[in-house]
Amino acid sequence: MPTERHTTTAPVSLRERRRTAAAREILDAAEQHIGEHGPAALSLRAVARSLGMTVQALYHYFPNRDALVTALIAKAYGELSDALQAAADGVRSTPSTARLVVVADAYRDWGVARPEHFQLLYGTPLRYYAAPAEGPTTQAVRRMGAIFQRELFAGFTPAQLAAADVPPLSPPYREHLARLPLHAQGDLPPAAVALFLSAWAHVHGLVVLEVFGHTAFLGDHQAEVFRTSVRMMLEDIHRRIPAA
């Protein structure tokens, strides 16, 4: 009889657990610093001082400012994606045309509730910072984009998306879209990519205007204006996609 094999995972050492806990504590302190002073004022020295440690000790966990910023951005994108996924999961019985509105609402709610962290993701780029190519921030953005894409085009076939009624795309633009890696756009045809980018710009642009204070004149009606605008945008996009 064959011998049954059992694979066991080696337990995480006490040293690694302490290192993970310390890195998490540093991230929490950096997030609090950003919440109080804004992302542009992020200071490793101030973060270290708030934890009662030296900057040299902090470098054992994050070798430089960029490493800490990358971790902060990836964490923020992760939390934002979790919020969007939770919103989508909570409306399974709602007609598909409303799911994107609910997800967009969650995106707005997160940005309005955490303006400093939203600015870290989408505000003025931090001086001298460049996210690592194909690093954790890129992966986190793709996860969030996949949620939007799924809810925007739920129920449509690839053939329907390919036949979407969009203004003619220039040959250079079509060529550029065709060269995008699959993980950047899924398997969407060019017409659907154009619709997705338009929808994303619409939703994100409205949130940016509100977070940066440009729609304050609407007072308590900002949420309603946002929701109405997203619904009209979604109805227009779905009208452009032919019936099966």
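View 1. Asp-105 is buried, with a relative accessible area of 13%. In this predicted model, Arg-227 and Asp-105 form a salt bridge, and their closest N and O atoms are 2.7 Å apart. Because Arg-227 lies in helix 12 (residues 222-240) and Asp-105 in helix 5 (residues 96-113), the pair ties together parts that are 122 residues apart in sequence. Arg-227 counts as partly exposed, at 32% relative accessibility.

**View 2. Arg-108 and Asp-109.** A salt bridge joins Arg-108 to Asp-109, with 3.4 Å between the closest N and O atoms. Arg-108 is buried, at a relative accessible area of 10%, whereas Asp-109 is partly exposed, at 43%. In total, the model has 13 salt bridges.

**View 3. Lys-75 and Glu-31.** The side chains of Lys-75 and Glu-31 meet in a salt bridge, 3.0 Å from N to O. Lys-75 lies in helix 4 (residues 65-89) and Glu-31 in helix 1, so the pair ties together parts that are 44 residues apart in sequence. Lys-75 is partly exposed, with a relative accessible area of 24%. Glu-31 is buried, with a relative accessible area of 11%. Salt bridges that share partners join Glu-31 and Lys-75 with Glu-79 and Arg-114 in one network.

**View 4. Helix 1 against helix 4.** The axes of helix 1 and helix 4 cross at roughly 80° and come within 10 Å. Helix 1 is therefore roughly perpendicular to helix 4, since angles of 65 to 115 degrees count as such. On the side of helix 1, the residues in contact are Ile-26, Leu-27, Asp-28, Ala-30, Glu-31 and Ile-34. Helix 4 meets them with Leu-68, Ala-71, Leu-72, Lys-75 and Glu-79. By class, this contact of helix 1 with helix 4 has seven nonpolar and four charged residues, and no polar ones. Lys-75 and Glu-31, the salt-bridged pair of the previous view, are among the residues that meet here.

**View 5. Helix 1 against helix 6.** Helix 1 (residues 14-37) packs against helix 6 (residues 115-122) at an angle of about 100°, and their axes are 8 Å apart. That angle makes helix 1 roughly perpendicular to helix 6. Glu-31, Ile-34 and Gly-35 are the residues of helix 1 in this contact, and they meet Glu-116, His-117 and Leu-120 of helix 6. Sorted by class, the contact of helix 1 with helix 6 has two nonpolar, two polar and two charged residues. Glu-31 and Ile-34 take part in this contact and also in the contact of helix 1 with helix 4.

**View 6. Helix 11 against helix 12.** Helix 11 (residues 190-211) and helix 12 pack at about 175°, with 11 Å between their axes. The two helices are therefore roughly antiparallel to each other, since angles over 145 degrees count as such. From helix 11, the contact involves Leu-195, Ala-199, His-202, Val-203, Leu-206, Val-207 and Glu-210. From helix 12, it involves Gln-222, Phe-226, Ser-229, Val-230, Met-233, Ile-237 and Arg-240. By class, nine nonpolar, three polar and two charged residues make up the contact of helix 11 with helix 12.

**View 7. Surroundings of Ser-229.** Ser-229 is found in helix 12 and counts as buried, at 15% relative accessibility. Leaving aside its neighbours within four places in sequence, Ser-229 is in contact with His-202 and Leu-206. Both His-202 and Leu-206 are in helix 11, among the residues that meet helix 12.

**View 8. Tyr-128 in a loop.** Tyr-128 is placed in the loop between helix 6 and helix 7 (136-152). Phi of Tyr-128 is near 70°, a positive value in a residue other than glycine. Most residues other than glycine have a negative phi. Tyr-128 is exposed, with a relative accessible area of 69%.

**View 9. Confidence along the chain.** The protein chain averages a pLDDT of 88, and 91% of the residues score at least 70. Where pLDDT is low, the predicted coordinates should not be read in detail.

Definitions and conventions:
Residues numbered from 1 in each chain as written. Heavy atoms only, no water. Axes fitted to C-alpha atoms, helices over the stretch in contact; angles between N-to-C directions. Helix = DSSP H or I, 4+ residues; strand = E, 2+ residues; numbered from the N terminus. Parallel < 35°, antiparallel > 145°, perpendicular 65-115°, else oblique. Contact = heavy atoms within 4.5 Å. Nonpolar A, V, L, I, M, F, W, Y, C, P; charged D, E, K, R; others polar. Salt bridge = Lys/Arg side-chain N within 4 Å of Asp/Glu carboxyl O. Buried < 20%, exposed > 50% of the residue type's maximum accessible area, 1.4 Å probe, protein only. pLDDT = per-residue confidence, 0-100.
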